[in-house]
Structures are given as structure tokens and as C-alpha cells.
Amino acid sequence: MKKKINIIGILVLILGLASCTSEPSLQSYYVDHQDNKNFMVLDVPASLIVGDNSQLPAKDQETLKSVKKAVVLALPLNGENEEFYKEERVTIEQILENEKYSLLMRMGSSKSGVRISYLGDEDSIDEIVIYGNDEEKGFAVARVLGDDMNIGAILKLAKSIGNGDVNVNVNSLEPLMDMLGEKNDSLEMKINKQRQIKNGDSLK
Amino acid sequence: MKKSIILVLAIMLAPIFSNAQSKFERYEKMRDVNAMVITSNMFKLLAEIDLDSDDPEMQQYINLIENLKDIKVISTENTSIGAEMKKDFDSHINSGSLEKLMSFKDDNKNVQFYSKPGSKKNFVSQLMMLMQGREDGKPITVVLSITGDIDLKEVSKLAKDLEVPGAEELEKVN
């Protein structure tokens, strides 16, 4: 019974989303593809990436807190899904061409490249979208979600991460780094590990 | 009445301007071409980072960044695409009323800078560079375009922060 309600709820939600915007969004792309076996989904809460930073100035801690989580959707090439990859790549790049995703920068070639854009106002950003593509490995889209993220402050923080001022759990970043590079089996293991950690996190 | 004429003119002229843009945009889709685009969105955000800097030199650099519109760089090691780029560059220079700023040859690189006059002396609204030659033993062609309100005295500082082929040539602009 409960399941039925859930399904109806999701259907209503999808219909609602579909009716208010006719153009495809990343959100709907995620919803449509997260169960597809060609895709990997990684849900990374910010708390997992960022460790204990109580020694940082209060202002920086606040900035860190404005980032809630990162959701990564990846399509790694496995030797059999090249056609599928080509089609999906066109779709996702079309979505990102939409002007509501303000482009910050892009670089690379048609073989491999990176594109960084954001959603929201320039001084209160709701979502940072990082898209990476490599014709030999596949593509991945990361949505960094938060409330009123001040990207200037985040970039500044990124600098201090580089300086080693911010405590980052490097291990938790590994699966992200490996996402496109590693063999699928080891990746799945890591994702399972991620899920366990995530579940543990939500139990708290 | 006057307004509508201006509007019609603007609509008629728009394709001409956008045409000049797409001349180089088509390269971005090509294989063998590396492209980098940084937009004004990025510059606005970057300028925010060190806004409270007391260092006057830093402040000048921030001013430069804040007033940039975009930076585009395309480069290729493919000589036939490179030749096409040069052709498009030349015709863009001729049609877009850009003036030669400087040109030089060093090692085995041929570098030309062109600019469009800007708001005041020593400022330009567009800076374009064509570099042809060899880098690390490979032929290379680079087209770089910077638009905005650019202080020529400051632009050389960009060279350090831009990690693209040809960026180091910016250091020689003064």
C-alpha cells in the first residue's frame, strides 16, 4: 500500500515537473536515467567530503556549510555501450547549452573536455554543474547542490584546500576521481561502500 | 519613429556581428582543436574573491578582471586546420577594423597582436592574437581573443594565470 502511494507521489511529482517546464532539465535527466544500467549514480553528502574544520574562521565554516551535497551521474564506457554513450552525450550537452545554466568556463576538445556552469543568481548560487567528457572513458555530470552558495567564497576556499588549510577526506573523493578511469567492478565496490557510509550517515 | 529605425538597423546588423563570432566558434566543435572559453560570469566571481585586498597592484589586477567580457582560446596541432584559422583570422582583422598592435618572431614562433580601440588611451575593447610556429617539436596554431575593457598595461599579468598555449606571449604586450 505504502509503495503504491510512493509511486503515485513520484508520478505526480514528475508530471508536475514536466508541466512547469517543457525544456529538459538536468533534474529530469537525472530522474530519467538513474535506474539505467549504463549509468552510475553517486550521492555524496558534503559532510563526507569535508572533515573537521572547527579551527577555520567562522566565515569559512559558513561557506562550507552552504554546500549540501554533490550528486554525480556518470556513464562510463564499457566497450558495449558506445552507441548509447554517443546519443546520451548529445542530449546532455544540449541540456547544458540552455542559457539558464550560466557558463563559467569550458575547455578541451571534442575528444575530452570540461565545462563548469551554475544555476541561480551570481551571488546566490543554487547549483554548480561540472560536466566532464572523454571519448575513451565516458562522461560524468556532477551537480553540487546548496543554499545560496557564494561561488567567490567557495573558490577562495578551494584555494585554501590547495594550501592544506581545509580538512578534506581525500579517501572519500577517490571514487569520484576514479569514476571514469577504473574498471567497473572496482567502481561498483566503491559505490557500495559509499552507500553504506551514506546509510550510516543518515542513521545518526 | 527614430527608435524603430534604430531597432530595425540593430536587427539587420545583428547577424553580421554574430557571424564574426561563429567564424571561430565552428572550430570548437572540430576534432584536433583544443578550445578554452572563460565567460564574464567567471570574471565577476573571480573578482569577488580578493575584493578586500589592500595591495594596490592586486586591486588593479582585479579591476582588469572585473572588466573582462570573455577570453577565448583555440589551438590546434593540425596544420591544415591551422591554415584555415589563419585565413579566418586575417579576414576577421580586415572586416572587424582591428589595428595591428605589434608582431614579433622568436625561436620558431610567429606572433601577431591586433586590437580594437577602447574607452580611453591604453585601453582596448578587444585584443586578438595569432600565434603560429612550433612548440615541443609540433606545429601549433593558436588564436586568442580577449574582449572587455582591457587595460593594456595590466594584460601582461594575465599571462601567469592563463594556462593555455600562447598565453606567455601576452607578457610581451605593453
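Reader: In what sense do strand β3 of chain A and β1(B) pair, and over how many bridges?

Author: In this predicted model, strands are DSSP E runs of at least two residues and helices are H or I runs of at least four, both numbered from the N terminus, and two strands pair if DSSP finds at least two bridges between them. Residues are numbered from 1 along each chain as its sequence is written, while chains are lettered from A in the order in which they are written. Strand β3 (residues 102-108) of chain A and β1(B) pair in the antiparallel sense, over four bridges.

Reader: Which residue of β1(B) does G108(A) stand opposite?

Author: The strand β1 of chain B spans 33-38. Within β1(B), the residue opposite G108(A) is A35(B).

Reader: Which element gives the most to the side of chain B that touches chain A?

Author: Counting residues as in contact if their C-beta atoms, placed from the backbone, lie within 7 Å, 17 residues of chain B are in contact with 15 residues of chain A. The elements of chain B that give two or more residues to this side are β1 (33-38) and α2 (40-49). With seven residues, the element that gives the most is α2(B).

Reader: Where in chain B is confidence lowest?

Author: Confidence is given by pLDDT, the predictor's score for each residue from 0 to 100, and chain B averages 81, with 82% of the residues at 70 or above. It is highest in strand β6 (residues 138-151) of chain B, at 92, whereas pLDDT stays under 50 over residues 15-20 of chain B. The element with the lowest mean, 61, is helix α1 (residues 2-28) of chain B.

Methods:
Predicted model: local features only at pLDDT ≥ 70, side-chain atom pairs only at ≥ 80, totals over all residues. Contact = placed C-beta atoms within 7 Å.
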